[in-house]
Amino acid sequence: MKFFIDTANLEDIKKAYKIGVLSGVTTNPSLVAKEGVKFEDRIEEILKAVPEVESVSAEVTPDALTAEEMIAQANELIKINNNDKNITIKLPMTLAGLEACRYLTKKGVKTNVTLIFTVNQALLAARAGATYVSPFLGRLDDISEDGVLLVSKVAELFRIHNLDSQIIAASVRHPDHVTRVAMAGAHIATVPFSVIDQISKHPLTDQGMEKFAADWKKTTQLV
Ligand code: E4P
């Protein structure tokens, strides 16, 4: 399973990229609004900051309701990246979003269909040619449903029917989500930097480091 970072915060994106574990970035209107920046400017900054990732998702704005409006926005977003291939147009899971997805896929543009909460929605997105489909597990858990189970069912369905959309486990809230979606067959987990930081840590690693440091001091006293 690969890691994408789920944020529009440039510092967090740079930190994750520097570690060398990052394969992509996802943003959404709420994440951009949190940063208080202009959407297109931030997408441009992100694209420059992470030149070697496979995908940077830029979402069409919520006021684009028809496929035509979404496609028009996608065409502007693609220009930001000099038509490079790693910009990915994130589209809502609506009939208009699917129509835009099919159109953009035919044009060779990467797409990410977002706000997926059922297996059937994932199936439709895959059939519309989505490069990525994004089931939101945390938001399902929030309403007492099982988000990881959804990811696992989507993974099984894609295997049975040889669908090649990649599953991005989204709305990931904590380390256990990461382990469980990796085991469930997600191709990618998109996570905030705090989760990358958390999964790098273990108290026994810290204790081990302290013990090695203490023992090492003893060896320097042997001279
Ligand atoms: C994914 O693409 C979304 O931006 C994101 O994972 C949403 O997560 P949230 O439910 O924590 O807002």
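Predicted model: local features only at pLDDT ≥ 70, side-chain atom pairs only at ≥ 80, totals over all residues.
Reader: What makes up the secondary structure of the chain?
Author: The chain has 11 helices and 8 strands. Its C-alpha trace spans about 75 × 40 × 30 Å along the principal axes. Of its 223 residues, 39% count as buried.

Reader: Why is lysine 90 called buried?
Author: Count the C-beta neighbours. Lysine 90 has 26 of them inside 10 Å. The cut-off for buried is 20 or more. Lysine 90 therefore counts as buried.

Reader: Where does lysine 90 lie, and what does it touch?
Author: Lysine 90 is in strand β4. Leaving out residues up to four places away in sequence, lysine 90 touches Ser57, Ala58, Glu59, Val60, Asn112 and Thr114. A contact here requires C-beta atoms within 7 Å.

Reader: How do you know which residue is listed under "active site"?
Author: That comes from a record. UniProt lists Lys90, in an unreviewed entry. Such annotations may be inferred rather than shown by experiment.

Reader: How do you know what span to expect for helix α5?
Author: Helix α5, residues 95-106, has 12 residues. The expected span is 1.5 Å times one less than the number of residues. That gives the 16 Å expected. From first C-alpha to last, α5 reaches 17 Å, which is close to that value.

Reader: Which residues of α5 are buried?
Author: They are Gly97, Leu98, Ala100, Cys101 and Leu104.

Reader: Why are the buried residues of α5 said to line one face?
Author: Look down the helix axis. The buried residues fall within an arc of 165 degrees, so they line one face of α5. The face turned away from them carries the exposed residues Leu95 and Lys106.

Reader: What covers the buried residues of α5?
Author: The cover includes α4 (67-80), β4 (87-92), β5 (110-116) and α6 (119-127). Just after α5, glycine 108 takes a positive phi of about 85 degrees.

Reader: How many residues of each class are in the ligand shell?
Author: The shell has 2 nonpolar, 7 polar and 2 charged residues. Phe136 and Ala170 are in the shell, and Phe and Ala count as nonpolar.

Methods:
Residues numbered from 1 in each chain as written. Helix = DSSP H or I, 4+ residues; strand = E, 2+ residues; numbered from the N terminus. Buried ≥ 20, exposed ≤ 12 C-beta atoms within 10 Å, placed from the backbone. Arc of directions from axis to C-beta. Contact = placed C-beta atoms within 7 Å. Near = placed C-beta within 6 Å.
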